[in-house]
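Please walk through this model with its sequence and coordinates open.

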Amino acid sequence: MKNTGYLRPQSLAQAQAMLAKHPDAQALAGGQSLLAAMKLGLCHPTHCVDLQDLPELQHIKRHPDHLWIGAMVTHEAVANSEDVQTWCPMLAHLAGGIADPQIRHVGTLGGSLANNDPAACWPAGVMACGATVVTTQRDLSADEFFQGLFTTALRPGELIVGVKFPRITSAQYLKYEQPASRFALVGVAVARDIQHKVRVAVTGLGHGIVRWSEAEQALNGQWGVRALDEVLAKKEGALSDVHASADYRAHLMAVLCRRALAQQTGELAAMPRVNRHGANPASRTPEAPHNAGCTPEQTLSGEHVLNATLPRVWQALLDPVILQASIPGCSTLRLLATHHYQATVKVGLGPVSAKFETTVQLTPEVEPSGDAQHAQCRLHVSGQAGALGSGQAQVQVHLRQVGAQTRLVWTADPQLQGTLAQLGNRLVQASAQRLSEQFFERFSCALSGEPPRRGAWFFSYALFQPLHRWWQHFFRK
Ligand SMILES: Cc1cc2nc3c(=O)[nH]c(=O)nc-3n(C[C@H](O)[C@H](O)[C@H](O)COP(=O)(O)OP(=O)(O)OC[C@H]3O[C@@H](n4cnc5c(N)ncnc54)[C@H](O)[C@@H]3O)c2cc1C
């Protein structure tokens with residue numbers, strides 16, 4: 001290794017002056033790529049200009065129209081930031097899925113973008129969100145910034161200061177990772193902005209981040225997995241190497257795109273199951289990808305017979321007062337628009353107590369009219385539990401009149417992100433099932449004007465005890 005000078009500026013202006021004075025110097029962020037490249041003799045900067053003391057590059061801040069993440073913010077800080085989790089949970093989960101804890105604690109957003117590794121995760125998140133990279137000289141759109149294999153629009157001496165992420169209504173990133181490094185063999189980010197414009201960004205496919213325009217076009221026409229049925233995963237530009245053939249990379253792109261989309265639209269239940277044991281090798285479904293913190297597919301369901309006629313049950317489902325009384329742990333419920341509510345719900349998930357800021361959108365699909373014996377509605381529930389993570393569920397409710405009673409059948413596909421998702425499948429499934437049971441227990445009481453029965457609480461306590469034991473056992477391991 002050749003001798004290299006080490007410079008430690010205390011302001012952005014000083015850093016720029018140092019880089020101007022030493023044209024062959026290089027900025028040093030966490031050194032995760034730069035130092036390795038230097039050790040391998042791949043680059044020989046005369047000086048490393050360490051950016052760690054520059055306050056301008058260190059913070060995360062929410063603005064009315066964008067989220068700011070400074071260039072020197074580490075992946076770990078992004079993953080744990082409440083601001084990021086609230087603004088766009090996908091970014092927190094993307095950062096939390098990078099490499100291992102050591103790398104996440106020193107690797108930075110700016111370093112990752114400037115490096116523009118063809119299999120890195122950050123370029124996918126930045127590109128799918130249509131973010132703006134702010135440098136010491138200008139603002140660059142993601143499309144302008146990334147220019148192929150390890151290449152960006154950065155000029156000599158130009159530094160990334162931070163990234164502006166616009167508002168996004170929904171986004172997901174999934175990668176099928178290399179087991180050794182956790183870099184993406186292929187990773188796909190699908191994001192939908194507030195104008196409902198969709199961007200699909202693919203990393204790991206070829207020589208850098210690319211947008212999949214055919215998929216974007218199809219999803220702009222129809223926001224759902226079916227829109228992708230006719231879209232062919234093109235192999236042009238896909239890389240063949242020791243890790244995967246171009247065919248396989250293109251196949252992964254298509255599968256991950258569908259899954260990333262299905263997690264947002266609630267269509268997971270309709271997706272093919274992951275082939276873990278090679279039962280159907282012809283389908284070549286990949287092993288479970290890193291799913292950015294979401295629990296794998298799991299559909300919950302239940303059936304209840306209610307002592308009321310179909311029109312009465314329907315009316316009660318649309319009544320915010322009955323809804324609030326039925327949701328376990330609901331302290332406030334505010335009407336935002338017709339059938340659109342905002343609620344604060346405290347949920348006991350095993351030994352963890354999480355307070356969810358929740359929105360519930362109810363969509364009547366088949367209304368009871370005339371002699372019709374059935375009705376149907378859909379609820380989209382989305383909740384944020386701060387640093388613990390977030391969750392969403394699509395709940396499908398079918399009602400059928402049977403004599404003087406109504407049979408109610410529901411299915412739900414809860415998905416959790418962040419720490420909540422790491423609680424483990426069985427625990428999450430049991431808790432979600434319990435909450436759903438409690439909801440209908442309370443709903444049934446509210447329908448008949450009774451207070452909730454003691455049995456509901458007993459049921460929850462009886463379930464809580466084995467869960468708590470399981471939790472303690474889990475942490476003693
Ligand atoms: C084993 C391993 C596994 C990894 N797995 C993943 C993964 O799964 N997904 C993923 O996305 N990434 C992964 N990474 C990449 C890692 O997370 C870092 O993001 C990346 O290596 C950049 O490191 P750094 O931030 O320390 O930047 P450095 O290594 O310090 O710098 C990298 C380059 O960026 C330049 N630079 C740094 N900051 C700036 C700035 N503000 N302005 C202009 N130029 C700048 C430097 O001059 C240098 O050229 C992995 C890395 C390793 C070593």
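Start with Glu158, which counts as buried at 5% relative accessibility. The cut-off for that word is under 20% relative accessible area. This is a predicted model, so read each value as computed from predicted coordinates.

What does Glu158 pair with? Glu158 forms a salt bridge with Arg138. The closest N and O atoms are 2.8 Å apart. Arg138 sits in the loop between β6 (132-135) and β7 (139-141). Glu158 sits in the loop between α9 (142-145) and β8 (160-166). The two residues are 20 apart in sequence, so their bridge ties those parts of the chain together.

A second pair is Asp229 and Arg258, whose side chains meet in a salt bridge at 3.1 Å, N to O. This pair links distant parts of the chain, 29 residues apart. Asp229 belongs to the loop between α10 (213-221) and α11 (246-265). Arg258 belongs to helix α11 itself.

Glu303 and Arg407 meet in a salt bridge, with 2.4 Å from N to O. Glu303 lies in strand β13 (residues 300-306) and Arg407 in strand β19 (residues 405-412). Those positions are 104 residues apart in sequence, so the pair ties together two separate parts of the chain. Glu303 is partly exposed at 46%. Arg407 is partly exposed at 33%.

Some bridges share partners. Asp143, Arg199, Arg211 and Glu216 are joined in this way into one network. How many salt bridges does the structure hold? The count is 14.

β6 and β7 form a hairpin with 3 residues between them. The two strands pair in the antiparallel sense over 3 bridges. Thr132 has Ser141 of β7 as its bridge partner. β6 also pairs with β8, again antiparallel, through 4 bridges. There, Thr135 has Ile160 of β8 as its bridge partner. Recall that Arg138 lies in the loop between β6 and β7, and Glu158 in the loop between α9 and β8.

Next comes an open sheet. Which strands form it, and in what order? The order is β9-β10-β11-β12, 4 strands with antiparallel pairing. β9 (168-177) and β12 (210-211) stand at the edges. Each has a single partner strand, so one side of each is left without a neighbour in the sheet. Strand β11 (residues 198-203) pairs with β12 over 2 bridges. In that pairing, Val202 has Val210 of β12 as its bridge partner.

Helices pack on this sheet. Helix α8 (residues 122-129) touches β9, β10 (184-193), β11 and β12. The direction of α8 makes about 165° with that of β11. Helix α11 lies across β9, β10 and β11. The angle between α11 and β10 is about 35°. α11 is also the helix that holds Arg258, the partner of Asp229.

One serine deserves a stop. Ser112 is in helix α7 (residues 109-115). Ser112 is buried, with a relative accessible area of 15%. Which residues does Ser112 touch, leaving out those up to four places away in sequence? The contacts are His75, Asp117, Ala120, Trp122 and Pro123.

Rolling a probe the size of a water molecule over the atoms shows where empty space is left. A search of the whole structure finds 2 cavities of 30 Å³ or more. The largest cavity holds about 780 Å³ of space. Its lining has 31 residues. Nearest its centre lie Val381, Ala393, Val395, Leu435 and Ser436.

Which elements give two or more residues to the lining of the largest cavity? They are β15 (340-349), β16 (352-366), β17 (374-384), β18 (390-402), β19, β20 (415-417) and α14 (425-448). α14 gives the most, with 6 residues. β19 is on that list, and β19 is also the strand that holds Arg407, the partner of Glu303.

Methods. Residues numbered from 1 in each chain as written. Predicted model: local features only at pLDDT ≥ 70, side-chain atom pairs only at ≥ 80, totals over all residues. Heavy atoms only, no water. Salt bridge = Lys/Arg side-chain N within 4 Å of Asp/Glu carboxyl O. Buried < 20%, exposed > 50% of the residue type's maximum accessible area, 1.4 Å probe, protein only. Contact = heavy atoms within 4.5 Å. Pairing = 2+ DSSP bridges. Axes fitted to C-alpha atoms, helices over the stretch in contact; angles between N-to-C directions. 1 Å grid on protein atoms, 1.4 Å probe; cavity = no way out; pocket = protein on both sides within 12 Å on 5 of 7 lines; lining within 4 Å. Points joined across faces, edges and corners; volume = space filled by probe spheres on them.
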